[in-house]
Structure formats: structure tokens, C-alpha cells
Amino acid sequence: MLKSMIALAKMHFNELNIYKSSFYLFTLNRIVEVIVHIFVWQAIYNQTGDAGGFTISQMVTYYILVVTISPISLWGINENMARSIRNGKINKELLNPVTYFQYYFGVNLGEIGFALVVGSATFIICNIFWSVQLPNSITNFLLFVIVLLLGIPITFFLQMIVGTAGFYTNSIWGMQILRKAVISIFSGLIAPITLFPEWFQNLANILPFKELIYTPINIWLGQVAINDIYFIIAKQIIWGIILYVIAKIFFNHAVKKITINGG
């Protein structure tokens, strides 16, 4: 099973990386995003002297990291799932020796692998032009990586829920836009959570999206106590289980309603 998922991940990674121009264009797009974010927040900081409790140096680091790691949460398999439903390929996917979830988890790992390569290139290039604040200890860096990795099952099961909606509608474009919008708002991608109203912050503390971007970056910056990180990890595990159960129940019901359009 594990070998099959790794093989699927490698295959999908190679598909994404087959044209080197794609890598260069994705990386350039990421760098442009960094520039826009930094210019905006520098203007805000110069006008108000405040950036949600961050210094301007921390805010520069924050958005370089946002652009570096956000594809892990936002990119994914929903387009692949929708395409396979429309063209009938799902008929073969359901008959694979690996389960539907395992198949797409392998594909998702390939997507994440490509996102990490693009993100790493973006980070290295941005570090040349701006002074990126590095973690103040190996422990902080390791905890940053752990929390980031624990976010992968959360985003995957959420994508499975959204993708399964295509079994009913044959189109998940609207659901996919909604998924990305919710993650962008509640993860701290658009703006740090501390800039939102208190009720929003309380809601963000309950939902799992804050741990996808905002929390790991704050761990990187040394702004999260070690004891709090244990609670964060427990929260991620609980949400991963909840979303898995919801995804499985939804899938088991939806697969009975599927209509094959081709294949």
C-alpha cells in the first residue's frame, strides 16, 4: 500500500514537473506575490506603525513563509477528481487495487512535493533580497515542520469531502472556490489572525485552518510557547480524525449515486 502511494506520488510529481517552464512560472508567480504582500504591509506599517503585533521584519518573514507554504494547503486533487468524474476515469479508479482514498492521497503527495520544490525555490530567492528571520532554535524548526505535516491530512480529507460532492453534481468548481476562500481567510493567509475581531479569532481557534499557515509561522518566529504546541498537535490529530470520518461517510453514500459519463 505504502509503495503504491509513493509510486503514485512520484508519477504525479513527474507529470507536474515535465515542463520546466511550469516550475519557473510558478516560482515567478510566488515571488510576485511576496513583493505585493511586502509592499502593502510596508505601506500599512509606515502609516499606522502597527502590523498586528508583528514588527516589519517579522511581517516580511511572515509573508515570505505564507507564499512558501500556502500551496501545501491550497493546491490539491480536486481538479483531478472532478476531471475523472466528467470523463469516466473514476470507473477505473474505483476498481484500483488501492482504495480511492489511498489512490488520491498518493496523487496529493505528488502535488505537495511539487509545491515544496516551488516553495523552497521561492524562499531561497526571497532570502537573497530580504532578510528572512530564521527560527531561534532547532526545536522551533522541527515543531514548525511537525505542525505543517499534520496539516496535510486535514487538507486532504477536506478535499475528499469537496471532491465527493462531484459525485452528485459532476462539477465542484463552486465548492473548490469556497474551500480555498475559507482556508485563505481562517489560516492567516490574507492577514494575520490577530488583525481580525475577537469573535473571529475565537472561531479560528476552534477550526483547524489556523494551524495550516498562521500557527506554524508563529512557531517559526518563536511566538508560540512549547506547552501550547502540544495542545495544537492534539487539536490537529482530533480534527484529522473528525474530517476522515466525515469524508468516509460522505464518500460511502455518494459512491452509490455516481453516474459514469465516459471511460
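Is Phe-200 buried or exposed in this structure? Phe-200 is buried, because its relative accessible area is 6%, and the cut-off for a buried residue is under 20%. Before I continue, please note that the model we are discussing is a predicted one.

Trp-199 and Phe-200 form a pair that is edge-to-face, with 5.9 Å from centre to centre and 80° between the planes. Trp-199, however, has a relative accessibility of 59% and therefore counts as exposed.

I turn now to the aromatic pairs in general. How many aromatic pairs does the structure hold? The structure holds 25 of them. Another example is the pair of Phe-101 and Phe-156, which is also edge-to-face, at 6.5 Å centre to centre and with 85° between the planes. This pair links distant parts of the chain, since Phe-101 belongs to helix 6 and Phe-156 to helix 7, which covers residues 138–164. The two residues are 55 residues apart. Both Phe-101 and Phe-156 are buried. They also take part in a cluster connected by ring pairs, whose members are Tyr-100, Phe-101, Tyr-103, Tyr-104, Phe-105, Phe-156, Phe-157, Tyr-244 and Phe-251.

My next topic is the packing of helices. Two packed helices are described by the angle between their axes and by the distance between those axes.

Which residues of helix 2 meet helix 6? On the side of helix 2 they are Phe-23, Phe-26, Thr-27, Arg-30, Ile-31 and Val-34. Their partners in helix 6 are Phe-114, Val-117, Val-118, Ala-121, Thr-122, Ile-125 and Cys-126. By class, the residues of this contact comprise 10 nonpolar, 2 polar and 1 charged.

The second case is helix 4, residues 78–87, with helix 7. Here too the axes come within 9 Å, and they cross at roughly 25°. Helix 4 and helix 7 are therefore roughly parallel to each other, because an angle under 35 degrees counts as such. Their crossing is right-handed. From helix 4, the residues Asn-78, Met-81 and Ile-85 meet Gln-159, Met-160, Val-162, Gly-163 and Thr-164 of helix 7. This contact has 4 nonpolar and 4 polar residues, and no charged ones.

I would like to close with two individual residues. Where does Pro-97 lie? Pro-97 is found in the loop between helix 5, residues 90–93, and helix 6. With a relative accessibility of 86%, Pro-97 counts as exposed. Pro-97 and Phe-167 are 70 residues apart in sequence, and their C-alpha atoms are 21 Å apart in space.

The other residue is Thr-139, which is placed in helix 7. Thr-139 counts as partly exposed because its relative accessibility is 45%. Between Thr-139 and Val-67 there are 23 Å from C-alpha to C-alpha, and these residues are 72 residues apart along the chain.

Conventions:
Residues numbered from 1 in each chain as written. Predicted model: local features only at pLDDT ≥ 70, side-chain atom pairs only at ≥ 80, totals over all residues. Heavy atoms only, no water. Contact = heavy atoms within 4.5 Å. Helix = DSSP H or I, 4+ residues; strand = E, 2+ residues; numbered from the N terminus. Nonpolar A, V, L, I, M, F, W, Y, C, P; charged D, E, K, R; others polar. Phe/Tyr/Trp six-rings, centres within 6.5 Å; stacked < 30°, edge-to-face > 60°. Buried < 20%, exposed > 50% of the residue type's maximum accessible area, 1.4 Å probe, protein only. Axes fitted to C-alpha atoms, helices over the stretch in contact; angles between N-to-C directions. Parallel < 35°, antiparallel > 145°, perpendicular 65-115°, else oblique. Left-handed = near helix turned anticlockwise from the far one by under 90°.
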